[in-house]
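We will go from stop to stop, with something to select at each one.

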Amino acid sequence: MRYLPHTSEDIAEMLKVAGAADLDDLFSSIPDDCRFKGELNLPEMTEWELNSHMADLASQTAVMPEYKVFIGAGSYNHYIPATIPYLINRSEISTAYTPYQPEISQGTLQTIFEYQTLTARLLGMETANASMYDGASALAEALLMAIRIEKGKKKTVAVSSLVHPMYRKAVETYFTPTDFKIVELPYLADGTTDISGLEKIGDLAAVAVQSPNFFGCIENIKSASDKAHNLNALCVTCFTEPLAFGLIKNPGSQGADIVCGEGQSMGIPQSFGGPGLGMFASLNKYVRSMPGRLIGQTTDLDGKRGFVLTLATREQHIRREKATSNICSNQGLCATMSAMYMASIGQTGIRQLAQINHDKTEYLKSELEKAGMQIPFKRAVFNEFVVKFPQGFETKYKELIKNKIVPGIPLESYYPDLKDHYLLCATETISKSDMDELVKEVKS
Amino acid sequence: MRYLPHTSEDIAEMLKVAGAADLDDLFSSIPDDCRFKGELNLPEMTEWELNSHMADLASQTAVMPEYKVFIGAGSYNHYIPATIPYLINRSEISTAYTPYQPEISQGTLQTIFEYQTLTARLLGMETANASMYDGASALAEALLMAIRIEKGKKKTVAVSSLVHPMYRKAVETYFTPTDFKIVELPYLADGTTDISGLEKIGDLAAVAVQSPNFFGCIENIKSASDKAHNLNALCVTCFTEPLAFGLIKNPGSQGADIVCGEGQSMGIPQSFGGPGLGMFASLNKYVRSMPGRLIGQTTDLDGKRGFVLTLATREQHIRREKATSNICSNQGLCATMSAMYMASIGQTGIRQLAQINHDKTEYLKSELEKAGMQIPFKRAVFNEFVVKFPQGFETKYKELIKNKIVPGIPLESYYPDLKDHYLLCATETISKSDMDELVKEVKS
Amino acid sequence: MNEPLLWEKGKKGRCGISIPKSDVKSSSMDKEFLGDPPDFPDLSEVDVVRHYTRMSQWNFGVDTGMYPLGSCTMKYNPKINEKQAALPGFAGAHPMLPPELSQGTLKLMYDLEKYLCEITGMNAATLQPAAGAHGELTAMLLFHACLKKRGQKRNKILIPDTAHGTNPASASLCGFKSIPAASNEQGVLSPETVATLMDEDTAGIMVTNPNTLGLFEENIKKIAEIVHNKGGLVYCDGANLNAVMGIVKMGSIGIDAIHLNLHKTFSTPHGGGGPGAGPVCVTKELEPFLPVPRAVKKGDAYELKYDYPDTIGRIHAFYGNFGILIRAYSYILSMGKNLKTASQYAVLSANYIKQQLKPVLHLPYDRPCMHECVFTDKFQEPYKITTLDMVKRLMDYGFHPPTIYFPLVVSGAIMIEPTDTESKENIDEFIQAFKNIVKEACETPELLKNAPSITKVRRLDEAAAARKPCLCG
Amino acid sequence: MNEPLLWEKGKKGRCGISIPKSDVKSSSMDKEFLGDPPDFPDLSEVDVVRHYTRMSQWNFGVDTGMYPLGSCTMKYNPKINEKQAALPGFAGAHPMLPPELSQGTLKLMYDLEKYLCEITGMNAATLQPAAGAHGELTAMLLFHACLKKRGQKRNKILIPDTAHGTNPASASLCGFKSIPAASNEQGVLSPETVATLMDEDTAGIMVTNPNTLGLFEENIKKIAEIVHNKGGLVYCDGANLNAVMGIVKMGSIGIDAIHLNLHKTFSTPHGGGGPGAGPVCVTKELEPFLPVPRAVKKGDAYELKYDYPDTIGRIHAFYGNFGILIRAYSYILSMGKNLKTASQYAVLSANYIKQQLKPVLHLPYDRPCMHECVFTDKFQEPYKITTLDMVKRLMDYGFHPPTIYFPLVVSGAIMIEPTDTESKENIDEFIQAFKNIVKEACETPELLKNAPSITKVRRLDEAAAARKPCLCG
C-alpha cells in the first residue's frame with residue numbers, strides 16, 4: 001500500500017526491538033475477549049478505481065453552470081479566484097496542526113491573526129476569534145456566551161423567527177440540556193422582526209436578530225440593539241451572507257455586542273453545506289467570555305514580532321473542569337480561505353461585487369414582479385428575496401428542475417403560513433439570460 | 001487589472017523620476033513611423049468568462065473515460081498519480097527560471113540531476129542530458145550529434161522506416177539545410193527493420209532504429225548496433241514508449257551509442273501532443289558532443305554537495321559562433337514530472353505496470369484475432385500492434401467514433417501499401433470490457 | 001525574509017480579484033442601509049500569492065517532515081483525496097438541493113456511515129459533528145436525551161485522568177459535572193475505581209481508549225458493565241482509534257457511543273486547526289436520538305429523513321463538514337482492509353520508539369503501548385533541562401515536537417505518536433535526534449535553552465500575549 | 001534541512017504509486033526480449049512527496065519574490081491559466097484524434113495564431129516551436145527555404161552584438177555563418193554598419209528588438225530596407241516583446257519573421273527551464289514555408305491541413321507545446337487591450353530603476369530604455385567588487401539576481417528587467433537593497449565576497465564541475 005512504507009525487513013527488525021513475536025503479539029495487552037477476530041468488510045479501490053467511482057458520485061449532483069441554481073438560504077454560489085484553492089493546497093498550510101508550537105507555525109498564526117482582523121473590520125467589531133464550526137453553532141455559542149456574560153442570572157434569549165430556521169434548530173439543541181429559555185420573536189408584514197414584545201420578557205439575557213435575515217431583508221439592528229441595551233440585555237446579530245457588508249452598514253456600527261454568522265461566501269466552496277466558517281466577533285470587553293481559539297501578537301526573545309495562541313486559560317488545557325469552551329479544532333483552513341478572499345477582493349472590490357449582487361437580485365425581483373409574481377415583503381433585500389408563486393407551483397417547480405433550473409426553495413416547511421412562497425437568490429454567478437429564462441419559464 | 005499593481009499614484013511618481021511626461025512619452029526613442037497608433041483588436045474576458053470559454057473548448061475533445069481511445073502512436077494514455085500534478089504545481093518548482101544562480105536553485109538542480117540519473121538507468125546508458133523538446137527533435141539532434149562525433153566526415157544516416165513517421169519528417173526538416181543525407185531502411189514481413197542494406201552505404205555515420213517501433217514491434221537492437229559498429233558507424237536508437245523498458249531489455253544493454261525518444265509516458269499528460277519530453281542519453285565519451293543542458297555535481301565553499309549547470313562551453317553563452325547546440329529552455333518541468341513518476345513507480349512498480357500493459361495488449365490482439373481480424377506482423381510487441389481490418393473499414397471506423405470508440409489510427413497515409421491496416425494501443429487505462437466492446441463492434 | 005501584515009501592504013485602487021461584468025442595470029441600495037465598505041487593504045493578485053507563499057514557508061506540515069504529535073495522528077494526507085473533494089459536483093453542491101438532484105452526495109454520506117459502523121462495530125452514525133470536541137458534545141447530548149427519555153436526570157459524569165482534555169468542557173455544556181476518576185499504577189482505570197464512583201446521579205463515563213498514555217483500557221468490559229448496571233452510559237473518545245482499527249470493535253466491548261476524528265485516523269488534513277469532522281457512532285439504543293436529517297435509502301434512492309421524534313435536533317446548519325467526509329471516505333476506500341495494517345504499523349512504530357528511547361528518557365509506564373508512548377523529563381532534571389527545552393531543540397533537527405505536558409497525570413510528559421506512514425528510516429532519524437538532544441542536555445545545555453535556532457522567530461513570550469492581549473491589527 | 005538523493009532513500013518493496021488491478025490474464029514476454037527492470041529506488045508516496053517538497057524549498061520562484069532577470073521577463077504566472085491547462089479535455093487529448101473529435105483544441109490553435117498575428121502585425125504564424133531557440137531555428141529554416149525557392153543559396157547571416165545568445169547557434173544549424181555586426185555608441189545598430197556588411201551571400205539579419213541593452217533599434221526600418229534591397233530577410237528575436245505590445249507592430253517596420261517567447265511575454269511559467277513555446281510569426285511571403293500541419297478553418301469546422309508544397313516540414317512530433325499554448329491563450333484573453341498597458345508599465349518600471357540606480361551603478365548607455373536597463377560594475381572596480389559579488393549578495397536581501405555578464409558587449413553587465421507585475425513598493429525595496437549593497441561594497445566588502453549567506457549552499461565550484469563532470473549518480 002503506497003501510504004505504508006513498512007517493508008517486511010523493516011517489520012522484522014522493529015518487532016525484534018519491540019520484543020514482539022509478530023504484529024499480533026503487539027496487541028497482547030488487549031484482553032482476548034475485546035479482540036475482533038474477523039476481517040473488516042470494506043471495499044478497496046486503486047487510485048484509478050477511486051477516481052471513476054468519485055467522478056460518478058459527483059456527477060449525480062446538480063451544480064452550476066449545467067444547472068441554474070437560484071438557491072441561497074445560507075449557502076451562496078460566488079466565484080472563487082483560482083489563486084485561493086492553489087494557495088490553500090500548499091501543504092505547509094493545509095497539513096499543519098493547530099499551532100501549538102509557534103516557532104514553526106508563524107504562517108498559520110500570522111494568517112489567522114490577519115483573519116481575525118479582517119473579520120473584525122468586515123463586521124465592524126473589535127475582536128474576532130479564530131473561527132467557529134459554522135453559522136449555526138456560532139449562534140448557539142454566542143447566546144450561551146451572552147448568558148455567561150450575564151453570569152447565568154438571566155436565563156432567556158429572544159431569537160427572531162427570521163433567523164435561519166436551521167440555526168434556530170441548532171440553538172435549541174444546544175439549549176436543551178440547560179435551564180435557559182428561548183423566546184421566538186414573530187415577524188412583521190414587511191419581512192423584518194417584530195421586537196415589540198421584548199419588554200415582556202422578564203430575564204432577558206440577549207436578543208438575536210439576523211441581518212440580512214432569512215427572507216433576505218435587511219433588519220434594523222440599531223433599534224434592536226437600542227432596545228436590548230435599554231433592557232440591560234445584549235444584542236447578538238447573525239448573518240448568512242457577509243458579502244452584504246460590502247454594501248450595507250455593518251452590525252458593529254449598529255450597536256451589536258456579539259456578531260456571528262456563516263463566512264462561506266468569502267471564498268469557500270459550498271461543498272453541500274460544509275466545511276464552512278463560523279465567524280464570531282464581539283466587543284473587547286467580552287473577550288474573556290468568548291468561545292473558540294484566539295491568536296495574539298507578542299514578541300520573541302529578540303524582540304521580534306510574532307504570534308501565538310493566547311487566552312488559553314478559557315480552554316480545556318488549563319482548567320479542565322471549568323472550561324467554558326470545548327472548541328479545539330475549528331475551521332482554520334476555511335478561515336484562511338476567507339482571509340485570502342478578503343485580501344484578494346479588497347475594499348474596492350468588495351464594494352463593486354456587493355453592488356453587482358444587489359443589482360442582479362433587484363433585476364430578478366423586478367422581472368418576476370413584472371411577470372405577475374407577488375413579492376410579499378417590501379423591505380430592502382440583499383441577494384435573496386421571497387416570491388409568492390401562483391397556487392399549485394409545485395408542479396411547475398418539478399418541471400423547472402427537469403429543465404435544469406432550480407427556482408429557490410419552498411418556505412412552507414419552515415413557515416407553514418407561507419404556502420407557495422419561495423426563497424430565491426441571485427448572485428454574480430447568475431447571468432441576465434439565466435434570470436430571463438427563469439422568468440419566462442415561470443410565466444409560461 | 002489584477003495582474004498589474006500600478007495605481008495612478010504610483011504611475012505619477014514613477015513617471016516623474018523617469019523624467020517622462022506620460023506613459024506615451026516613455027517610448028519617445030521609438031521613431032514615430034515605427035509606432036502603432038491604433039488599439040489591439042483582442043477579446044478581453046474576466047476570470048469567470050474565461051473559465052466558461054475554456055470549459056467549452058475543452059469539452060469539444062474526445063477524451064477518456066467518456067471515449068474509449070485506442071490510439072498510441074507516440075502519445076500514450078497512462079494513469080498519473082495525483083501527487084505529480086500536486087507537486088509540480090508548487091510554484092518554487094514551476095515558476096523558477098533556468099537555474100543560472102545555483103545557490104537559490106538547488107531544488108531544480110538536484111531534481112534534474114536525479115532525472116538525468118534515472119533516465120540513464122531507464123535506458124541503460126551512462127549519461128543523460130537535462131531534456132530535449134520532444135522525441136522527434138531529439139532524434140534529429142541525435143543524428144546531427146552522431147555526424148558531429150564523426151567530425152562531419154561521414155554524411156549519411158540510415159533511418160528505419162519504422163521510426164515514427166513524424167519523427168522522420170522532423171529529421172528531414174533539420175537535415176534540409178545541411179549537406180547530410182538520409183537513407184530510409186525498409187521493413188521486413190515480421191514488422192522489424194531490414195538492416196541488410198547498410199553495407200551498401202558508403203559514408204554511414206549512424207543507423208537509427210526505433211524500438212518498440214512504430215508498429216509496436218520490438219526490434220533487434222543488438223544486431224543493428226553490431227552491424228553499425230562493424231561499419232564504424234554509431235547506433236542511435238529511439239523510442240516513443242519508455243514504459244517498455246520496465247519489461248524488455250533496455251537499449252543500452254544492446255549496444256546503442258545514443259538513445260533518445262519521447263518520455264511523455266512517464267507521468268506527463270498527453271496534452272494534444274505537447275509539452276512532452278525529449279529524453280536523450282549517450283555513452284560518456286560522447287558527452288561533449290551532446291546537445292542540450294547538463295547538470296553536474298560539485299561542492300560549495302564549505303565542501304557541501306551541490307549541483308550546477310555545467311559543460312556550458314558547448315553552448316551559446318561562451319563561444320557564440322561555435323556553439324553546437326542552441327537549446328536554452330528545454331522541457332525542464334516535464335523532466336521533473338517524469339522524475340517524480342520514476343521515483344513514485346520504482347523498480348518494483350514499473351515492472352508490474354509494464355507487465356499489465358503487455359497483458360492488455362496481448363489480450364486485445366488475441367481477441368481481435370479470434371474475431372477474424374488479421375495481425376499482419378507476428379513479432380513480439382509492447383503496447384501497440386497493427387491490425388488489418390476487413391476492406392471498407394472506413395465506414396465502420398466512422399460508426400465506432402459515433403459510439404465513442406476510437407479504434408486506433410489508419411496507417412495508409414504513412415505506409416501507402418498498408419491499406420485497411422490500423423495501429424491500435426491498449427494501456428493499463430483500457431479495461432477488459434472496453435476491449436470486449438471494441439471487438440464486439442468490430443465483428444458486428 | 002520578513003513579510004508584513006496584509007494591511008501593511010497594498011495601495012488603494014489595486015484589486016486581486018477579477019470583478020465580474022454586470023449585465024443588468026445598477027440599483028442603488030436604500031440610503032438608510034447603505035454603509036461604508038470594510039477597511040480591507042487593496043492588493044494585486046501577485047501580492048496575495050506572494051504573501052501566502054511566504055506564510056507557508058514559515059510553517060511546518062506533514063509534507064515537511066515527521067510530526068510526532070501525540071494523540072493528533074499526524075499521518076500523511078493523500079493528495080488524491082484533495083482532488084476528490086474539489087470535484088465540481090461536490091465542491092459546487094448546494095446543501096438544499098432537492099434529494100433527486102443530490103443522490104451522489106447522499107449516497108456518499110449513507111455509505112460512509114455504514115463503513116464507520118463496520119470499523120467501530122456500532123449500529124448507527126451521525127456525520128454532523130464538525131470536529132472531535134463537537135462529536136463529544138453530540139455524544140453527551142445523546143446521553144442527556146436518552147436518560148431523559150428514560151425519565152432520568154443525572155448531573156454527573158466520570159472522566160478518567162487519562163481522558164482527552166476537551167471531555168470535561170463538552171460534558172459541562174450538557175450540564176454534567178465532571179467527576180475525575182484516577183487511573184491505577186498500570187496507567188489504566190480499575191473497575192474498582194469506577195464501582196466506587198458510579199452512582200444513580202451519574203450519567204456514565206467518558207473514557208478515552210486507548211487512553212492518553214497510549215495504553216489500552218484493558219478493564220473496559222468490566223467497567224462498562226458496572227456503569228450499565230447503574231443505569232449509566234459509556235462514551236468512548238475515539239481520537240486514538242488509529243491504534244485499533246480492525247483489532248477492537250467498540251460495539252462489542254460495551255461502548256454506547258464513540259466519536260471519531262476523521263482528521264486523525266482517516267487522514268484528512270488538519271488545516272492548521274481544522275476543519276475536521278467528528279462523526280459519532282452509537283448503539284441501537286441511542287440511534288433514535290441522533291441528529292437530523294439522516295441520509296436514508298429508500299429503494300434505490302437516497303433521501304434526507306427528518307422524522308425522528310426523539311432526535312436531539314441539529315448541531316450543524318447542514319450536514320457537517322461534507323468536504324472532510326469526502327476525503328475520509330476516499331481514504332477508507334483506498335485502504336480497505338489495510339486499515340488494520342495501518343493500526344498494526346502505528347503500534348509497531350510506537351513500541352519501537354518506546355524501546356529505543358527508554359534508555360535515555362524516563363518512561364513512567366513501562367509496558368507495551370498502543371500507537372503512542374509517553375516519556376518524561378525526569379532524567380534531565382539534574383541538568384535543569386525541561387521537556388520544553390528538549391522539544392524546542394527537536395525543531396533544529398527538522399522534526400516537529402511531540403505533544404508535551406499532556407496527559408496531566410504525567411509530570412513533564414512527552415507524548416510521541418509516529419503514525420503508520422512514517423518509514424523506519426525517518427523513525428530512526430527521530431530517535432537519533434532525541435538521543436543527541438539528551439546528550440546535549442548534559443554537555444551543552446545552552447543549545448537547548450536557546451532552541452529553536454533555525455526558525456523564523458525564537459521562543460515567543462506567551463505570557464505577555466495573554467497578559468495584554470493584542471488580537472486585532 | 002538536507003535531503004538525500006532519491007537513490008540514497010527508499011527500500012526495495014515500497015511503491016509510491018497505485019498499481020492498477022489487471023482484469024485480463026497475464027502473457028509472458030518473449031525470453032529473447034525480456035530484460036531487467038530499471039534500477040529505480042522504491043519509495044512510498046510520502047517519501048516522494050516530502051522529497052519534492054524539500055526540493056521546492058531550495059528554490060526561488062516568481063511567487064517567492066522579485067525575479068529581475070533581464071531578458072527573461074519573469075512576470076507573474078497566473079494560477080487560472082494552470083487550471084485551464086489541466087482541464088481533462090485538454091490534458092487528456094490525444095494528438096492524433098480525428099479532427100471532428102478535437103475541434104476545441106484546433107480552434108484554440110487557430111485563434112491563438114490570429115491573436116499573435118494581431119499583436120505582432122504579421123500575417124501568419126506557426127505554433128510548433130517548443131522554445132525561443134527552437135523558434136529562431138524555425139525562422140532560419142524558413143529563410144533557408146524561401147531563399148532556396150528564390151533559387152539562392154546564401155551562407156552568411158548578420159548578427160548584432162546586442163542580439164540574444166542563441167542566435168548564432170540557431171543560424172549555424174541552418175548552415176549560416178554568423179557575421180557579427182557591432183552596435184554604435186548609442187547601443188543600437190547603424191544602417192551604415194549593415195550596409196557595409198550586407199551582400200548577396202548574406203541571407204539577412206537576426207536582430208533582437210528591443211535589443212539586449214534594453215534599447216529600441218531605432219534604425220530598424222532603414223536597416224530592413226538595406227537588407228531587403230540586397231535580397232536578404234529580416235528576422236526579429238522577439239524575446240523582448242514585453243516592451244512593445246500594442247506599441248510597435250513588427251509587420252510594419254520591415255520584419256519578415258519574429259519568434260515570440262510565450263513563457264516570457266505571455267506569462268507561462270518557466271518551469272525551471274521549460275517547457276516554453278516559441279511561435280514564429282511571418283509575412284505573407286514566408287507563409288508558404290511554415291511547418292505543417294496548420295490549423296485551418298473550413299466553414300464552421302477546424303482541421304489540420306498538410307497540403308503546403310513549400311513547407312519546411314515538421315520541427316515537432318505533433319503541434320508544439322500545446323499545454324503552454326493554452327496558458328498563453330488564456331493570458332491574452334485575460335489581458336485583452338491591457339497587453340499594451342503591461343508594456344507601458346514594464347517600460348516605466350525599468351526607466352524608474354535606471355534613474356534610481358544610476359547614481360550608484362555605472363550606466364553605460366544613459367538614455368531612455370525599454371523594459372530593461374543594463375548597468376556595470378565599473379564604479380565598484382576600486383573595491384575589487386564584481387558584478388557577481390553584488391548580485392550574489394542580492395539573494396541575502398530576498399531577491400533573485402539580475403542577468404549578469406550579458407550582453408557581452410558590456411563588460412560586467414548587470415541587466416535588470418522588473419516586468420509589469422512588480423509593484424512600486426517591491427521595486428523600491430529592490431532599489432534600496434542594491435543601494436545598500438553598493439554601500440557594503442566599500443564598507444564591508446567581505447559580506448559580498450561571502451554572499452550568499454542564507455541559502456542552502458554557498459558559492460559552488462563551477463569550474464570543478466566542468467573539469468571533471470559528474471552527471472549521473
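Is D:Lys221 buried, partly exposed or exposed? The answer is partly exposed, at 32% relative accessibility. Before you click on, please keep in mind that this is a predicted model.

**Stop 1**

B:Asp33 is partly exposed, with a relative accessible area of 48%.

Now select B:Arg121 and D:Asp39, a salt bridge whose closest N and O atoms are 3.6 Å apart. This pair also crosses between chains: B:Arg121 is in helix α5 (residues 106-123) of chain B, and D:Asp39 is in the segment before α1 (45-57) of chain D. B:Arg121 counts as partly exposed at 22% relative accessibility, and D:Asp39 is partly exposed with a relative accessible area of 43%.

**Stop 2: a salt bridge inside one helix**

Move to helix α11 (residues 387-396) of chain D, where D:Asp396 and D:Arg393 are three residues apart, about one helical turn. Their closest N and O atoms are 2.9 Å apart, and the two form a salt bridge. D:Asp396 counts as buried at 12% relative accessibility, and D:Arg393 is buried at 11%.

For a linked set, select A:Asp10, C:Glu425, D:Lys11, D:Arg14 and D:Asp47, which are joined in a network of salt bridges. Over all chains, the count of salt bridges comes to 106.

**Stop 3: where chain A meets chain C**

Show chains A and C together. Here 182 residues of chain A are in contact with 210 residues of chain C. Between them the two chains bury about 16,900 Å², 64% of it on carbon and sulfur atoms. This interface holds eight salt bridges. For one of them, select A:Lys360 and C:Asp23, whose side chains meet at 2.7 Å, N to O. Then color helix α9 (residues 332-370) of chain A, which gives the largest share of the side of chain A that touches chain C, 25 residues. There are also 81 residue pairs in polar contact across this interface, both residues at pLDDT 80 or more.

**Stop 4: where chain A meets chain B**

Eleven residues of chain A are in contact with eleven residues of chain B, and the two chains bury about 970 Å² between them, 53% of it on carbon and sulfur atoms. Two salt bridges cross this interface. Select B:Glu92 and A:Arg90 to find a salt bridge with its closest N and O atoms 2.6 Å apart. On chain A, α2 (47-58) and α4 (91-94) each supply at least two residues of the side that touches chain B.

**Stop 5: rings**

How many aromatic pairs does a search of the whole structure find over all chains? It finds 58. Begin with A:Phe175 and A:Phe180: their ring centres are 6.0 Å apart and their planes at 70 degrees, so the pair is edge-to-face. A:Phe175 is buried, with a relative accessible area of 3%, whereas A:Phe180 is partly exposed at 21%.

Next, select B:Tyr187 and B:Phe377, an edge-to-face pair with 5.9 Å centre to centre and 85 degrees between the planes. B:Tyr187 lies in the loop between β4 (181-185) and β5 (204-210), and B:Phe377 in the loop between α9 (332-370) and β11 (384-388) of chain B, so the pair ties together parts that are 190 residues apart in sequence. In chain A, select A:Tyr187, A:Phe214, A:Phe215, A:Phe377, A:Tyr414 and A:Tyr415, which ring pairs link into a cluster.

Two charges over rings come next. C:Lys456 lies over the face of C:Trp58, 4.1 Å from the ring centre. In chain D, the charged end of D:Arg294 sits over the ring of D:Tyr308, 5.2 Å from its centre.

**Last stop: a buried leucine**

Finish with D:Leu325 in helix α9 (residues 322-335) of chain D. D:Leu325 is buried, with a relative accessible area of 0%. Beyond its neighbours within four places in sequence, D:Leu325 is in contact with D:Leu108, D:Met109, D:Leu112, D:Leu127, D:Leu262, D:Ala277 and D:Tyr319.

Conventions:
Residues numbered from 1 in each chain as written. Chains lettered and ligands numbered in written order. Heavy atoms only, no water. Phe/Tyr/Trp six-rings, centres within 6.5 Å; stacked < 30°, edge-to-face > 60°. Buried < 20%, exposed > 50% of the residue type's maximum accessible area, 1.4 Å probe, protein only. Helix = DSSP H or I, 4+ residues; strand = E, 2+ residues; numbered from the N terminus. Lys NZ or Arg CZ within 6 Å of the ring centre and 35° of its normal. Contact = heavy atoms within 4.5 Å. Buried area = accessible area lost by both parts, 1.4 Å probe. Salt bridge = Lys/Arg side-chain N within 4 Å of Asp/Glu carboxyl O. Polar contact = N/O pair within 3.5 Å; in protein donor to acceptor, adjacent residues only side chain to side chain.
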